[in-house]
Amino acid sequence: MKEKILQYLAEEMPEIDFTSSNELVDDGILDSLALTQLMALLSMEFGVEIPYEEITTENFNSIEGIAAMVERLQEA
């Protein structure tokens, strides 16, 4: 899952280096516009709806966090 998310995000948002940090939000790599774009991409690619309560730093600070959230939402 992580590799697929990383590949997809690198293609869609090449200006962001998703592998450089485990603090994508905290380091400012993902700003509010990038987060909005990312949530739309995840929804389209993986068929998940991201509820408001899932929009947390923990879920978006790393590829691992993003993958875990997507997997959790797919199982729901």
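**Exercises on helix packing and burial**

The face of helix H1 that is turned away from its buried side carries the exposed residues Glu3, Gln7 and Glu11, where exposed means over 50% relative accessible area, buried under 20% and partly exposed in between, with a 1.4 Å probe and protein chains only. The model is predicted, so local features need pLDDT of at least 70 and side-chain atom pairs count only at pLDDT 80 or more, whereas totals for chains, interfaces and linings use all residues. Residues are numbered from 1 along each chain as its sequence is written, and side-chain values use heavy atoms, with hydrogens and water left out.

**Exercise 1.** Identify the buried residues of H1 and what covers them.

*Solution.* Helix H1, residues 2–12, has Ile5, Tyr8 and Leu9 as its buried residues. They cover an arc of only 95° around the axis, which places them on the same side of H1; the arc is that of the directions from the helix axis to the C-beta atoms. What covers these residues includes H2 and H4.

**Exercise 2.** Describe how H2 and H4 pack.

*Solution.* H2 contributes Leu38, Leu42 and Phe46 to the contact, and H4 contributes Ile66, Met69, Val70 and Gln74, contact meaning heavy atoms within 4.5 Å.

Methods:
Axes are lines fitted to C-alpha atoms, for helices over the stretch in contact, and angles run from 0 to 180 degrees between N-to-C directions. Helices (H or I, at least four residues) and strands (E, at least two) are DSSP runs, numbered from the N terminus.
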